[in-house]
Every structure is written in C-alpha cells, then in structure tokens.
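Hi,

Here's the model I promised to pass along.

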Amino acid sequence: MTASGAPVRFGLAVSNEVPVAETVRLARTAERLGLSEVWIPESSHGRAVFTVAAAVAAATERIGLGIGIVNPFWRHPSVIAMEAATLDELSAGRVRLGLGAALWTLRSLGEADDRARRPLRAMAEAFGVLDGLLHGGPGVDGEVYPVRADARLDFAPVRPDLPIYSGAVNQRMLRLSGSLVDGVELGAITSPGYARWAWQQVAEGARTAGRDPADLDLVSPVLVSVDTNARAARRATRRVIAYYLWRVEGVVVEHAGVDPEQVGAVRDAVAAGGVAAGEALVDDHLIDAFAAAGSPDDVAARLRDYLEAGLRGVLGWHVLGPDPERGLVLFARDVVGQLA
C-alpha cells in the first residue's frame, strides 16, 4: 500500500449545530492555538455550511477552511463550485472542498429522489462538473444533473488547484474517489482499523486509474475527549458513540475490531429507547475502538494509531472533553504538542 504523501496536520472538526458565533469563536481559538484547519459540515436542515464558513473566514487569518461535507443532491454542483471559489477568494486561498452524497440524511428527511438510486454515477458526475469549473477540466454533459461540459465560472478562481475531497464511506465510493479527486474525508466514529481499510480502497482506486496514491490526502474527524480526569473524558464519548453506531454504515463497524453483537445491542437500544438507552451499553471496549479519550498522554498514544493507519489530517471532533473549551486547549497544547 503506497502511503499518502500529504503532510500530517492536526485540526478541528466542528458540529455546526450551535450558534454561528460559537463556531466562529471555536475557530478563532483553534487558530490561536496553532491548529492547521477547521472543517465545517452541513447536516439535516441545520446551518448552511458556506455561510458559516464565510463567517469563520472573515474572523480568521490563517487557519484552513474545510467544507466537510456538502451534498450535491441539495445543491447543484455548479452552485457548489461558485460557492467554493467565492469562499476561496474571500479567505485568500484557504479552502478544501468536500463533497458527499449523505444518503442516510436524505432518506431520513424524505428527500432522496431518483438520483439517490445511482449515487456512484451522481458523485462521479458532480466531481466532473467541479473539475471543469474549478480546475479547467473537460467538464461533463450531465445525465444526472442538467449541465453542459463547457460550463465555466464567470470569474477566475484564486487557485486553479483548489483541492476537492470526497466524503466517501463504502468500498465503491472510496475507490471512485481515489480515481478522481484530491483526497477523502472519512466520517463519524472512524477507527484506526476502518481508516486503514479505507485508505487501501482509495489507493487501489488511484492505482487502477493510473494515479499515484502518494499524491492524495486522507483526513478524518476523530472522536477526541481529553481531560486531566481520564475517566470523565472517556465517559463524555459514550453518547456520541451510541448515536453514531445507530446510524453509520455497517462497513465502518466491520473494520473496527469490535463485537458485532455488542454493536447490535447498542443499535437496538437506541432504536427502542433513544440515545440514552444505547449510551448505557457503551463500554470501554467500544470507547477504545471508536475514540481517542482519556488523559493527554492517552489521547496522544491513540492518535499515533490513527497516523499509522494512514490519516494525514487528524481533526479533533465533537466532544473534546467534559469541558470542551478546556479540552480544545489540552488537545492543541498537550496532545498535538507530543505529535507535531
């Protein structure tokens, strides 16, 4: 397996489920602490990612801005290209653009149309549109999306090499991503085992397409919870693990090295009694599999496993600790300080 040649970076993945001012404040703190990038998602009918990212761009000077991810079933790929290029201009070239189908969200909201029946084709076409508009590539005459191959932006992008990422999960999408885009952003509760397997799929897709896997990037949120009270830090992850075990694709769990019956019990409990019921069944084994949690030394040791599995962009995500503000400081100062 050819390793990614992308630089190792440590950043922040925010939830985008809090007021915009709070996300901006977290991003400013991350920048002050020296983290490399902040990734902002868009999920369900929550806050619009490009608006929030623009607010972060205006309030910061250096930190990279990851769009992770935006859904081309909600926005036409041409509109995504316009938004991304504009944000890159506003931020003086700090954007990494992540695109993903987010089928679970579409189906849960009743918004999955006929395009969702062929997500691989839809994503390949969306990437082709973005390549044409952002990179000057050949473009595509759309079958899934109404678009012409000669579609171009009416202004010059700041960077003709603005990086495009895929929010891929399963084998087919990971391999497609390796053949087409600049990198992959993995999703929720990524384990080292799943990260290793996912990179193998990306690398295989790249090689099949005649590309060098070393030219691609692999980035992921990692469920981080850090505190001087290690037990409290570990407890803080349980609710998040229960929620995402209930909703993630099976392949994420299959490669994590966990007992499928235990995972099934958590899922059944969440389905029957809500996240609190599932949370009660999340034990140390599941925390060890899906999180980097505990003291700063514990978290640093676990993040080394993620780096060895192939991650190059490690994003502290979601919990950060029983006290999130303190957790962010400990992550940047006492965890990343051991690894950078």
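How do the residues of the lining of the largest pocket divide into nonpolar, polar and charged? There are 27 nonpolar, 12 polar and seven charged, where Ala, Val, Leu, Ile, Met, Phe, Trp, Tyr, Cys and Pro count as nonpolar, Asp, Glu, Lys and Arg as charged, and the others, Gly among them, as polar.

Before you go further: this is a predicted model, with local features needing pLDDT of at least 70 and side-chain atom pairs counting only at pLDDT 80 or more, while totals for chains, interfaces and linings use all residues. Residues are numbered from 1 along each chain as its sequence is written, and side-chain values use heavy atoms, with hydrogens and water left out.

**Pockets**

The largest pocket has a volume of about 1,200 Å³. Of the 46 residues lining it, Ile69, Gly187, Ala188, Tyr244 and Arg247 are the closest to its centre. Two or more lining residues come from each of β3 (64-70), α4 (103-108), α5 (119-135), α9 (238-247) and β9, and α9 has the largest share, with five residues.

The second largest pocket holds about 240 Å³ of space. It has 14 lining residues, and Ser15, Val18, Glu22, Leu26 and His318 lie nearest its centre. At least two residues each come from β1, α1 (20-32), β9 and α15 (324-339), with α1 giving the largest share, three residues. This lining splits into seven nonpolar, four polar and three charged.

On the method: a pocket is an open set of points on a 1 Å grid over the protein atoms alone, where a 1.4 Å probe fits, with protein on both sides within 12 Å along at least five of seven lines; lining residues have an atom within 4 Å of a point. Grid points are joined across faces, edges and corners, and a volume is the space filled by probe spheres set on the points. Helices (H or I, at least four residues) and strands (E, at least two) are DSSP runs, numbered from the N terminus.

**Strand β9**

Seven of the eight residues of β9 (residues 313-320) are buried, so the strand is largely enclosed by the rest of the structure. Buried is under 20% relative accessible area, exposed is over 50%, and partly exposed is in between (1.4 Å probe, protein chains only). β9 runs parallel to β1 (residues 9-13), with five bridges joining them, and Leu12 stands opposite Gly316. It also pairs in the parallel sense with β7 (residues 217-226), over six bridges; there Val219 has Gly313 as its bridge partner. Pairing takes at least two DSSP bridges between two strands.

**Helix α7**

α7 (residues 192-208) has 17 residues and reaches 24 Å from first C-alpha to last, close to the expected 24 Å, which is 1.5 Å times one less than the number of residues. Its buried residues include Trp197, Trp199 and Gln201. After the helix comes Gly210, with a positive phi near 80°.

Most residues other than glycine have a negative phi, and most peptide bonds are trans.

- Gly68 and Ile69 are joined by a cis peptide bond, omega about 5°; Ile69 is in β3.
- Ala92, in the loop between α3 (77-90) and β4 (95-99), has a positive phi near 60° and counts as exposed at 64% relative accessibility.
- Ile189, in the loop between β6 and α7, has a positive phi near 40° and is buried, at 0% relative accessible area.

Cheers
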